Amino acid sequence: METRQKMETRIELAEDRFILPLLYPEKRPLRAAMWEAPGEPVIYQDAVRQEFAEVAEGVAWGREWGTAWFRFRGEIPAAWTGREVVALVDLSFENEEGFGREGQVWMDGKPVIAVSRYRSAIPLAAGGAVDFFVEASANPSSEWHWDNGNRNDPDERLFRLREAKLAVFDREVFSFLMDFRVCREAMLELPADGTRRARLLRGLDKACRLMERGNREWLKAASEILTPLLASKNGDTVHRITATGHAHIDTAWCWPLRETIRKCARTFSTALAYMALHPDYKFSCSQPVQYLWMKAHYPSIFEGIREAVKRGQWEPIGSMWVEPDCNVPSGESLVRQLIHGKEFFEREFGVTTRDLWLPDVFGYSAALPQILAKAGVDRFLTQKISWNDTNRFPHHTFLWEGIDGTRVFSHFPPVNTYNARVQAKELAKAERQFAQKDRASRSLMPYGYGDGGGGPTVEMIERIRRWENFEGMPTVEFGTVNGFFDAAEADIEDPPVWRGELYLELHRGTYTSQAHNKWMNRRCELLLRDAEFFDAITSVLSPGELLDSDPFPQRTVWDVPGHSPAKETSLTAMALDRAWKLLLLNQFHDILPGSSIGRVYQESRRDYEVIETIALAVRNAGIRRLLDDGEAFTVFNTLAQARSEVIDCDGVPVRVEVPSCGYVTILNPTHDVMPVEVRETSDGWRVENGLVAMEIAANGVISSVVDLRVGRETLSGPSNEFHLLRDYPNRWSAWDIEASAMEDFEIVGNDAQGRLLESGPLRVVLEFVRAFGKSLITQRVVLTAGSARIDFDTTVDWQERDHVLKVSFPLAIQTDFATCEIQSGHVRRPVHRNTGWDAARFEISIQRWIDLAETDYGVALLNNGTFGCDVLGNRIRLTLLKSASAPDPTADIGVHRRTFSLFPHSGNTLQGGVVEAALALNVPLLVGKGNLKGPGSHSWLSVDQPGITLEAFKRSEDGRDLILRLLEAGGRRTPMEVSSDLGDLTLEETDLLERPVTGTGEFRAFDIRTFRMIVNPRLGK
């Protein structure tokens, strides 16, 4: 009697020895011809008009990131009549699909299916001539990704055409192969001493012994052995898995955006081809921008998707324009992701999405539940939290509660991947790990090759059919995401609740990597905010088109029109729509976090130039529309708070007081405020303005900041000190910062020398130049009259590799928690390392401020474009730069400018005005030359409570009215009234999608409220 080990070895070897050789029993060569595009990809109509050269198998092709077009021709032999025929094409495929060479098959002028690692067999019509094209993408192999694939010879052909043949496909053999694999995989996953495993082992061994007899005659008998093994069923309490076809396509990562468009075409055409062959197959796909690309560049694919949506085989999911990062974008950006994403799906497919699909994002803001709910989204999915490096998240199906108390139904697939292969080990893992098995029995399994696209294979589809009710394994069924959520909500009893942020204990470096992109994202968000503000104001006070031409008419292949019909009547609205959608595109979760190859950031810089140009054109046109040709200066304030600040008017510092959402005209400026004074000390300077007094050394290190209002020292040690950390992540260079690096630093630049740059009654500026390594920091420390805020305008010429730069402020504050701004509110995070959950948050993300406060006093650090920081005890360090080695080895090399500010305050965060101070730093007062009709100082809009911020004031999406979006940013319940003198108007409350809702009276903590301002006569009439 043979041992179990010998039987398992025989089974393991059988597939390669006996089954696979029978899959394609006959082959014939195809004739091949090739033409290589000289530069960027060309469209099909241009490619097929070129002169193709005859080539043979083995021909070299493909400059890096280039394109080769192949034409394959042949004649199906008459002897093959009635048999299934395929074309076998191998372009030197990588082992992993989506990373490396891929091809798009074109037949009769249309893209019909992809050819790639796991789909090299191209289905052909029965009989007759064969003639088709393959658009082959020479994407670098995966081992080159981390150095961008930059090779020495740009003309070198990197790959070869390994195979080009016609072949007979034996479907009976393929069906047996699927049966054999499923039975073998299940056997290996089941308990070693169980009855089911023993019977599978015996049956498989019997089938293998038959194979050893040779030729194909064993197939029928072997199939009959496996049939009863496959037919054995489960009981009633088995775990149930819904399998949804999916292809996670990173909108950019190890490839540029233009290649993503072709990845979408390859993936989507393949999904449609499989749907025609498998009516029970369903495919779910997010990211409207990718659908828009198909509409613009591959209309036949887009129409195929439309029809598949109508049939119920294709499911648009996700609700957002892209799958964005959720740490760096503002709350308003997340709102716009939903507005534009949902509008596209409703307009193009008549589908109202209810889910947020973010399987691969690096942490999730605690503001999201409210934002989702107010946009009609009540379901959330990710699996990324399973990547935690310290703690295991306790739930898979649960209610996620945000900072305002809103809850959304959430599911984390226990299979722990969005790229499942439908293998037995994955099914067993999902059942084993499912945390809610005491109260629920269902989970979702997104299956298909992803990241680089590809999607499900025919083998995966066949596996699902066999796993439908296979004894000993979870049941698996084809399904949709929404169908799963319907069933899961009905299935679970008393779902657990998780409150607060979903912090990913990994990829903490993504708060900082590619710092220029992050800074430009913040800048563009705020420029668009101001542009919309002036567009809205002028639409009432001085109606008419603001733009007389497109401010940035050039477009790229990924920057395509996407506006709704209502917007096409206004050039200004179309321009703002384009700018917003480009901004949202660049918030994708591998672009904005800094984890893409260098070429992606070369292109994103151009996108930010487009956004900036459009926003400035609209903003400045609005200001010009409001002003005459007078000699005075008019200062505009777009915030919902009155401001008293020092600004520059024609190069001269002036202190102004500007009402909320209004303006002041400067005729004869006066300065009734205590002046700023500076005097030299033995080792530096003392600067004070009646509110604060700062002692700063000649090298820029601050030893003391006293709050003169309460007579309190705010610092506990040397501050404005730069720490250079060694940065060698274990695996993911751009993504990670290791805990071991946090205290492994050197203090740099303390041998600097400073100088007094400006000394006047309204402003004192000290400049310091610090050199270290190959880098240089030039910093201006600014204190103005009437303000307790100390600004550090910092320019870094950064030339370091494998290091992180932080700036340190130890504060004289005793507290257990730091209050950190996130999108649309704030959270409190521990400043200690008491538990594993606390220790894992050694690097955190913030928006515009972080505050350490006692009961009646605190000190905040503000910023205008820095997102990473760490807090330990009473020390805050802002993370300024991180020079990753991969996937972009030149990441962040160059000049960066940031401003961060020290802001001492009495009372708590709300009472101390931290929210308003951070907004003032980020949204400067705007100066225009000329007078404005009306009083010398005026407020168009105002709110009657502190901590209520104006998130957006813009035209409505339908172009008929104005939209006012407010946020209660302080975290308390409060009544609130809006005052406006913009004319005869009515205020009606809406949700984030601008649909009417019933008003709720007072503001709840962190409440986001949207109002439609109906101006009479209505806009556009």
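Trainee: How many residues does the largest nonpolar core have?
Mentor: It has 273 residues, and those with the most contacts inside it are Phe132, Trp314 and Leu805. A nonpolar core is a set of buried Ala, Val, Leu, Ile, Met, Phe, Trp, Tyr and Cys residues joined through side-chain atoms within 4.5 Å. Buried means under 20% relative accessible area (1.4 Å probe, protein chains only). The model is predicted: local features need pLDDT of at least 70, side-chain atom pairs count only at pLDDT 80 or more, and totals for chains, interfaces and linings use all residues. Residues are numbered from 1 along each chain as its sequence is written, and side-chain values use heavy atoms, without hydrogens and water.

Trainee: Which helix gives the most to this core?
Mentor: α3, with 10 residues. Helices are DSSP runs (H or I, at least four residues), numbered from the N terminus.

Trainee: And what is Leu805 in contact with?
Mentor: Leaving aside neighbours within four places in sequence, its partners include Phe722, Val748, Trp798 and Leu880. Contact means heavy atoms within 4.5 Å.

Trainee: Back to α3. At what angle do α3 and α4 pack?
Mentor: About 140 degrees, with their axes 9 Å apart. Axes are lines fitted to C-alpha atoms over the stretch in contact, and angles run from 0 to 180 degrees between N-to-C directions. That makes α3 oblique to α4. Under 35 degrees is roughly parallel, over 145 roughly antiparallel, 65 to 115 roughly perpendicular, and the rest oblique.

Trainee: Which residues make the contact?
Mentor: Among them are Phe176, Phe180 and Met187 of α3, and Leu200, Leu204 and Met211 of α4.

Methods. Helices (H or I, at least four residues) and strands (E, at least two) are DSSP runs, numbered from the N terminus. Buried means under 20% relative accessible area, exposed over 50%, partly exposed in between (1.4 Å probe, protein chains only).
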